[in-house]
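Please open the model in a viewer and keep the sequence panel at hand. The stops below are given in the order in which they may be selected.

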There are 2 protein chains.
Amino acid sequence: MPFRHVVMFEFADHVPDDYADQVRAALDALPSQISQIRSYVHGDDAGLADGNWDYVLVADFDSADDYVTYRDHPIHQQMISDTIVGNLANRASVQYRYGK
Amino acid sequence: MPFRHVVMFEFADHVPDDYADQVRAALDALPSQISQIRSYVHGDDAGLADGNWDYVLVADFDSADDYVTYRDHPIHQQMISDTIVGNLANRASVQYRYGK
């Protein structure tokens, strides 16, 4: 059964204007380096609603074990350290199994 | 270009033990009644990580206009009023275009 990880970011006030593009580029580099990623669909908010957060990632894996391998992967951890840490006002995540 | 709406819930402390099942049933009733919904994949948190939120919905539409039709649809608004309002500690959402 597929296993999905969803994480949502609210950026800190101090981030540069191109921070969403920095996040996009950093995330785009991961699927080719972490073989457990099956699908990785992310983007910055379209601006339709006040109060929305700024960025969301929907990542699919074959299993919870593959998600944990991704979560703890040194390349993923390095990306978090380089690009994410210190730049968020809020972070929220949910993981869930879905489908058959 | 597909348009995706992601919304994440943190439940209030007072909700009943079966509240995730109530949310699931309420959401499952919508795709057959709101024709703009292309995909509607949701679930409660798998419990792998402390600090996670409780429920997430990933909903896909053909366009931002179709998303807005869904958002404002009376059946959707009635579900929010009946099942969601008053039962959340936090809500976060992001909409984004993705793919080609």
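**The sheet of chain A**

Begin with E2(A) and strand E3 (residues 55-61) of chain A, which form an antiparallel pair over six bridges. Strands are DSSP runs of E with at least two residues, helices runs of H or I with at least four, each numbered from the N terminus; two strands pair if DSSP finds at least two bridges between them. Within this pair, select A:Gly43, which stands opposite A:Val56 in E3(A).

The model is predicted: local features need pLDDT of at least 70, side-chain atom pairs count only at pLDDT 80 or more, and totals for chains, interfaces and linings use all residues. Residues are numbered from 1 along each chain as its sequence is written, while chains are lettered from A and ligands numbered from 1 in the order in which they are written.

Next, display the open sheet of four strands, ordered E2-E3-E1-E4 (chain A) with antiparallel pairing. Strand E2 (39-44) and strand E4 (88-97) of chain A each have a single partner strand, so one side of each lacks a neighbour in the sheet.

**The core and the two chains**

Now select A:Val6, A:Met8, A:Val56, B:Val6, B:Met8 and B:Val56, which touch the most other members of the 40-residue largest nonpolar core. Such a core is a set of buried Ala, Val, Leu, Ile, Met, Phe, Trp, Tyr and Cys residues joined through C-beta atoms within 7 Å, buried meaning 20 or more other C-beta atoms within 10 Å, with C-beta atoms placed from the backbone.

Finally, superpose chain A on chain B: a turn of 180 degrees and a shift of 0.0 Å along the axis give an RMSD of 0.0 Å, by least squares on C-alpha atoms of residues with pLDDT of at least 70 in both. This is the relation of a two-fold axis.

How values were computed
Buried ≥ 20, exposed ≤ 12 C-beta atoms within 10 Å, placed from the backbone.
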